[in-house]
Amino acid sequence: MTRPTFSRRAIVAAGLAGAAGLTFAQAGTPVRIGSTLALTGPLSATAQIHKLVGEIYVEQLNKRGGLLGRQVEWVVKDDQSKPDLARTLYEQLVTADKVDLLMGPYATGAILSAMGVAQRYNKVLVHHTLGVPSLAKYELAFPAWSLGSEPQNTVTASVFDALAAGPKPPKTVAVVTSKFPSIAFMSAGAREMLKKRGLTEVLFLEWDFGNRDFGPIANRVKDAKPDFVWVGAIGLDGNLLLDAMKKIDYEPPQHFYMYPAPGPLVALPEAKNALSVTIFEDQQPFLSNPGGAEFVRLYRERATKAGLADTSVETQAAASWTAWQILEAGVNATKSLDDQKIGAFLKANRVDTIQGKLRFDGLGNFGDDLMRIKQVQNGKWVVVWPKEMTAGGAKLLAN
Amino acid sequence: MPGFSLPSASLLAQSVLSGIFVGALYGLLGLGLSLSWGLLRLINLAHFGLAFLAAYLCYQLSLAHVDPLLSLVLIVPLLFAIGAGLHWVMARFAVTPFNSLLLTFGLTGILEALIQSVWTADFRKLESAYGNVKWKIGGLYFPLPEVITLLLAVGISFAVWAVLRYTDLGKAMRAAAEDPAVAAAFGVDEKRNGLLLAGLCSALAGVAGVCLALSFTLAPSQIYAWVGVVFAAVMLGGLGRALGPLIAGTVIGVSEAVTMAVTAPSWAPIVSFTLLIVILVLRPGRAA
């Protein structure tokens, strides 16, 4: 029996061919990004915005050549609005689906679940809308919603600054709020802030998430006769409370809604002059930020096709788009899918997004508070505070 | 209690009125469920899904400028047919009460998915002329959609009560629920009556759905928000009793509203469910 012999040249050639084949095979394999979203359940109305934004972003990204020359595939699973299920699904995404990168879910509860899994596997997690920054303990978690490290102080200060500079600075305030964690957290901040400013709290009420009957709450607000109503609203709370107020002929003099479902609220005639917060609106100067105008155009087009009731871009859609921008920036800058390298880059650098340049070096990797105050004027959301972010001389109005 | 305060007379009176209005809706939603549970021995969780299906159909028809009340002409027969069809399937496979709970829970999930695929998960609000009408009497506000719901709930509950009490059909239904074998011996056609009653229960879900659409903003996931309190109204009111859900629903609605008027609104569900537990402990035969 003769032993096969290989010349040195043949071995080198085979090695090169193998490496080329491997590179070729990898180039043909998509980069897989995994996430969950609340596609069903009580959070699905908002989560569908994140799904649509993700689909548009990945489509556009692939048109630009994808990541590292490879097409991108988004693996998205339905967590049914259940944080415990989100945890299981993220575990699956990492261990069974073996995705290359992770993207965050919606909303705070699911994000915290996903963060636990990401931490266990040392994966980067860019998340859209975590409302309580102090809960973000994982060093490779990066927020796309720039509400600052202490929104309970800074955002509430912005609201009362805007009111103080408005036509009827309030003296008495009613704080009525959902007990939903991120909302209750902000409403507690509002109560502290109004005390600091010497305002009088004439009513404080809390309700459980999912409350249906707002009639008695409207009655109590009317009875308290406040100059300003702070509504710790999430989803439809604002609409339901305004509906109930209308039924007893009550119009709050000035009113604020924390995280309302933006489309339904703006469409309600009773929401005239309602205030809220935003990180992005379909107006200048936001449209001048990188990709802002193009995103608004694409989103409107696709949201119309998808039959969404509201086709305008605001906080949810903008935070979602920003999350994808952050992840893309991390991969492109490091030319790698290595989570440690991407994380190190994001911590040390600012990223251009539709919200502006974001930094990730504060508490929980949160950066600046870029929350602006907006108001329903003539059936449209208009930014009214701070002055430098307003367009066309828009000013805060009172009823 | 946190936030406890003595309410003004007008606040208290308006809150009681709000409680009566929402209680009437609890009663209307609970009526079909109670009849199905008490007389057919089927715990039909899909009742809530069917009510929301009717609400969305009413919303859709309103987009085509069909008056919400006129839409009942289409929705009620459709829901009747669905209910009768569902009952035929359950009777065909001899589904037990416990299995009916599981089966109809699954069906509710399917209905939610169906509604979401047609109308998306977005919130939908029926805009009608009724929404802008209200009366102020003695300092109290009476919004038309709530008044319509109250009138329908009271009218239908009494009509069903009268049918069950005074007509041969009603007596036959009650007899079949009491002892099917003896009722059959007396010539009661249990199958036909079962189909009729199941259809009626679903039709009632249809009416409740239209009332829901008149007063509330719709989202598919809100199907489940009504289950707990309406179940409480059904249990309190007594299974198979036509007036029970209305009375119990009103008691729950008013107790919730008064709780919200004097203390934190988050205490309202605690009060209503405590009421349920107390009554079931004091009168354990109530839900039999």
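**Reading a predicted model**

Q: Which strands does helix α3 of chain A lie across?
A: Helix α3 (residues 83–95) of chain A lies across β1, β2 and β3 of chain A. The helix runs at about 170° to β1(A). Angles run from 0 to 180 degrees between N-to-C directions, with axes as lines fitted to C-alpha atoms, for helices over the stretch in contact. Contact means that the C-beta atoms of two residues, placed from the backbone, lie within 7 Å. Helices (H or I, at least four residues) and strands (E, at least two) are DSSP runs, numbered from the N terminus.

Q: How should I take the model and its numbering?
A: This is a predicted model: local features need pLDDT of at least 70, side-chain atom pairs count only at pLDDT 80 or more, and totals for chains, interfaces and linings use all residues. Residues are numbered from 1 along each chain as its sequence is written, while chains are lettered from A and ligands numbered from 1 in the order in which they are written.

Q: What is the strand order in the open sheet of 5 strands in chain A?
A: Strands of a sheet pair through backbone hydrogen bonds, either parallel or antiparallel. Here two strands pair if DSSP finds at least two bridges between them. The order is β2-β1-β3-β4-β5 (chain A), with parallel pairing. The edges are β2 and β5 (141–143) of chain A; each has a single partner strand, so one side of each is left without a neighbour in the sheet. On average, neighbouring strands of this sheet are turned by 25° against each other, direction ignored.

Q: How many bridges join β1 to β3 in chain A?
A: Strand β1 (residues 31–37) of chain A and β3(A) run parallel and are joined by 2 bridges. A:I33 has A:L101 in β3(A) as its bridge partner.

Q: What is the order in the open sheet of 7 strands?
A: Read β7-β6-β8-β9-β10-β13-β14 (chain A); the pairing is mixed. β7 (200–207) and β14 (380–385) of chain A are the edge strands, each with a single partner strand, so each has one side without a neighbour in the sheet.

Q: In which sense do β6 and β8 of chain A pair, parallel or antiparallel?
A: β6 (residues 172–178) and β8 (residues 228–235) of chain A pair in the parallel sense, over 5 bridges. Opposite A:A174 stands A:V229 in β8(A). Helix α8 (residues 237–247) of chain A packs on the sheet, touching β6, β8 and β9 (255–260) of chain A. The direction of α8 makes about 130° with that of β8(A).

Q: Which strands of chain B form a hairpin?
A: β1(B) and β2(B) do, with 2 residues between them. In chain B, β1 (residues 134–137) and β2 (residues 140–143) pair in the antiparallel sense over 4 bridges. B:W135 has B:F142 as its bridge partner in β2(B). In the turn, B:G138 has a positive phi of about 55°.

Q: How many residues of chain A are in contact with chain B?
A: 33 residues of chain A are in contact with 28 residues of chain B. On the chain A side, α2 (44–63), β7, α7 (215–224) and α8 each supply at least two residues. The largest share, 6 residues, comes from α7(A). By class, the chain A side divides into 14 nonpolar, 10 polar and 9 charged residues. Ala, Val, Leu, Ile, Met, Phe, Trp, Tyr, Cys and Pro count as nonpolar, Asp, Glu, Lys and Arg as charged, and the others, Gly among them, as polar.

Q: Which residues touch the most other members of the largest nonpolar core?
A: In soluble globular proteins, nonpolar side chains tend to be buried together. A nonpolar core is a set of buried Ala, Val, Leu, Ile, Met, Phe, Trp, Tyr and Cys residues joined through C-beta atoms within 7 Å. Of the 222 residues in the largest core, B:L28, B:A54, B:A55 and B:V207 touch the most other members. Domain 1 (29–147 + 285–368) and domain 2 (152–278 + 373–389) of chain A both give residues to this core, so it lies between them. The domain bounds come from an automatic or database domain assignment. Beyond its neighbours within four places in sequence, B:A55 is in contact with B:G209, B:V210, B:L212, B:A213 and B:L218.

Q: Where does A:L68, with its positive phi, lie?
A: Most residues other than glycine have a negative phi, and most peptide bonds are trans. A:L68 has phi near 55° and lies in the loop between α2 and β2 (72–78) of chain A. With 16 C-beta neighbours inside 10 Å, A:L68 counts as partly exposed. The scale is: buried at 20 or more other C-beta atoms within 10 Å, exposed at 12 or fewer, partly exposed in between, with C-beta atoms placed from the backbone. A:N273, also not a glycine, has a positive phi of about 65°. A:N273 sits in the loop between α9 (262–266) and β10 (274–278) of chain A and is partly exposed, with 17 other C-beta atoms within 10 Å.

Q: What is omega for the cis peptide bond from A:Y106 to A:A107?
A: Omega is near 10° for that bond. A:A107 lies in the loop between β3 (101–103) and α4 (108–120) of chain A. The bond from A:W385 to A:P386 is cis, with omega near -5°. A:P386 lies in the segment after β14 of chain A.
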